[in-house]
Structures are given as structure tokens and as C-alpha cells.
Amino acid sequence: MGDSSDSVSIDMETPSRSGKEYVVETCSGYVSVSVYGDQDKPALVTYPDLALNHISCFQGLFFCPEACSLLLHNFCIYHISPPGHELGAATISPDDPLLSADDLADQIADVLNYFGLDAVMCMGVTAGAYILTLFAMKYRQRVLGLILISPLCNAPSWTEWLYNKVLSNLLYYYGMCGVVKELLLKRFFSKQEARGSAQVPESDVVQACRRLLDERQGLNVWRFHEAINGRRDISDGLRKLRCRSLIFVGENSPFHSEALDMNSKLDRRCSALVEVQACGSMVTEEQPHAMLIPLEYFFMGYGMYRPPRLSVSPRSPLSPICISPELLSPESMGLKLKPIKTRMSLEV
């Protein structure tokens, strides 16, 4: 690695961007999992927000060349889609029971068992962040670290609950109609910077997301939405989490205060908050470059930059060593970050 006072260099390689699709039978139905990378490497599990899958929620981050190198160089990625959110999904039968957030968290354990995975790194966005945090609380030995983007931890407030009931009714009776798409885009992106206005055109990333929302089955989204709207408060258990946590939130996210509240309830010795300027909830799509430096520092605490000449098991570079306070402190990472490109080096 080259010397740098403000950036961490990473080893360059050309990882494959082609994934393999699996359909995994779980305790409560089938789940689609897209696997990218070498399965001998440590596992990074992702879970998207409402109405999204790995294409619409994470492609901005994983198709960013620097992040692609950082993440696929160190991990095999397991993108888990909420039931019925995978590409080409048909409408789930109305005879199938509605799943709770706990059911969705338990499905993740079944997915890990299917692939023979022990402890994994997790990355989730909003609703997906809640599911992965709940999973970490229920299966503590199976989570090495949490990377949470605009996360939730409290039960819905009355205001959110009423808002969600309106969205739920629209989804159930009208499907992915224009009003629903506008409400979801408002949930995902900042208004001025991404969603545009009369004077500013809509950004390419919002237009792409709008097209991908057209592919979702409204009743499938409704089922996931019902699970999240019925979520329980998990804030009391946050301090008992044994894994380290890194939270990203856009300053214009509707879940900004929720993320700050969650950060305040985590053990500050092993958690950090990164607030991203000019961004909504979906930092992975709107400002993916802002995630790179904090992610590098976070992974350094797990020994992710061992020289390749060392003969170590490819599944064991994530030994839970102590993360330096200088690397994990909000003061070091910055409470507000503008998009930053990672400095890369071809030297080993």
C-alpha cells in the first residue's frame, strides 16, 4: 500500500461482475440469492430497501470501479432479495402467509446454512438494514460487522404508520402506480440533488430506479411493506450487539433522525456514523464514492489488507481484532462527508 495521509490504497484486480442466481428454500418460503465473486472468500451479505433488489439498490456502489475492487477483492457478495423482489419475479400467491420481519431475519440464517457460511459481514439499506440488524441480534455469532445505510431501529411512529397505511393501500389496490413510484423515489433520493425540479432535470440514477420499479409486482412489495410497517422496536438490544457497526445516512434522508437515534444507542466503542451531504436515504446509489474511505478504514480493523504472500485461509482474514479508535471515531471519519474518490495503487 502506498503512503497517504488522507486515503487508503487498495490492490487492484479485475473481479467478475457476473453473478450466479440461486433459489434457496428456507423455513418460510423460497428466497432468491445472487452470488458474485469467489465463494472461498469471506461473505458479505446484502439486503435492499423496500421495492428494490440488488440491481436497483446496490449497483451504484458495486459498479463504481473503486468500490468494486475494494469489495470483490475481499469478499464474495451474497445479494439476498426480499421474497418476490428478484428479477422476473411473479406475484406471490395470496394463499402464502404474510411474513414478519422476524421471519425475514430467520430466512437469512437458512441462506447462510445453505451456502455453508458461518460468520458474515452484512450491508443493508433502510428496511434491509432493519432486517440485518434484527438478524444480528438473533444470531450474534453469525455476524462479524454491520454496514447500515439509513437504518431503522424503532417501531413506526404514528405519523409513519399512517403514511405507511396509505402507501400500503395504494400498493394493494393499484399496484406500482405513478403515485406509489413517486412516494418511493421520495423515500430513496434527495429532492434537489437527484429528483430534480421544474428547473433541474431528474438525475440518471433516479430515472434508472424509476424504470426498475416498473418491474416490481405491487402485491409482492405490499407484503414486504407490511412486514416493515409491523416491525417492533429493537433499540433496547442495540448495546448488546457484539459486532462493529458503521452507519451511513444522507443529510436529506427522511430517516435521518432515526439513524442518529440508532447511533446514539449503539456502543460508541465499536460504532461510527457517517453523514453524507447532498444525499437522501440510498447513499449506495446517490453518493457511492462517499462510502469508500469509511469502508476502507472499517475493513482495516478486520485485517483486510494482509499482504497476499501470507499463507492464510481465504475464509479467515476477518479475525475480530480491536479497531483503532482513531479509525472508527466519528471525528476521524467525519460527521459530514462530500463524495470522495478513493486513491488506488497498482503496487502491492
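Analyst: H2 and H12 cross in a left-handed manner. The model is predicted.

User: Where are these two helices, and at what angle do they cross?

Analyst: H2 spans residues 65–74 and H12 spans residues 292–300. Their axes cross at roughly 15 degrees and come within 11 Å.

User: Why are H2 and H12 called roughly parallel?

Analyst: Angles under 35 degrees count as roughly parallel. The crossing angle is roughly 15 degrees. Therefore H2 and H12 are roughly parallel to each other.

User: Which residues make the H2 and H12 contact?

Analyst: H2 brings Glu66, Ala67, Leu70 and Leu71. Facing them in H12 are Leu292, Leu295, Glu296 and Phe299. By class, the contact has 6 nonpolar, no polar and 2 charged residues.

User: What makes H3 and H4 roughly perpendicular?

Analyst: H3 covers residues 101–115 and H4 covers residues 127–138. They pack at about 70 degrees, with axes 9 Å apart. The range for roughly perpendicular is 65 to 115 degrees, so H3 is roughly perpendicular to H4.

User: Is the crossing of H3 and H4 left-handed or right-handed, and which residues meet there?

Analyst: H3 crosses H4 in a right-handed way. From H3 come Ala101, Asp102, Leu104, Ala105, Asp106, Ile108, Ala109 and Leu112. From H4 come Tyr130, Ile131, Leu132, Leu134, Phe135 and Lys138. The contact of H3 with H4 divides into 11 nonpolar, no polar and 3 charged residues.

User: How do you know that arginine 187 and aspartate 49 form a salt bridge?

Analyst: The cut-off is a side-chain nitrogen of Lys or Arg within 4 Å of a carboxyl oxygen of Asp or Glu. Here the N to O distance is 2.9 Å, so the pair meets the rule. By this rule, the model has 9 salt bridges.

User: What does the pair of arginine 187 and aspartate 49 tie together?

Analyst: Arginine 187 sits in helix H6, residues 178–188. Aspartate 49 sits in the loop between strand E3 (43–47) and helix H1 (54–62). The pair therefore links parts that are 138 residues apart in sequence.

User: Where does UniProt place the feature "transmembrane region", and how much of each span is helix?

Analyst: The unreviewed UniProt entry puts the feature at residues 114–136 and 143–159. In the model, residues 114–136 are 52% helix and 26% strand, and their end C-alpha atoms lie 18 Å apart. Residues 143–159 are 12% helix and 41% strand, with end C-alpha atoms 32 Å apart.

Conventions:
Residues numbered from 1 in each chain as written. Predicted model: local features only at pLDDT ≥ 70, side-chain atom pairs only at ≥ 80, totals over all residues. Heavy atoms only, no water. Axes fitted to C-alpha atoms, helices over the stretch in contact; angles between N-to-C directions. Helix = DSSP H or I, 4+ residues; strand = E, 2+ residues; numbered from the N terminus. Parallel < 35°, antiparallel > 145°, perpendicular 65-115°, else oblique. Left-handed = near helix turned anticlockwise from the far one by under 90°. Contact = heavy atoms within 4.5 Å. Nonpolar A, V, L, I, M, F, W, Y, C, P; charged D, E, K, R; others polar. UniProt positions renumbered as here; feature names shortened; annotations may be inferred.
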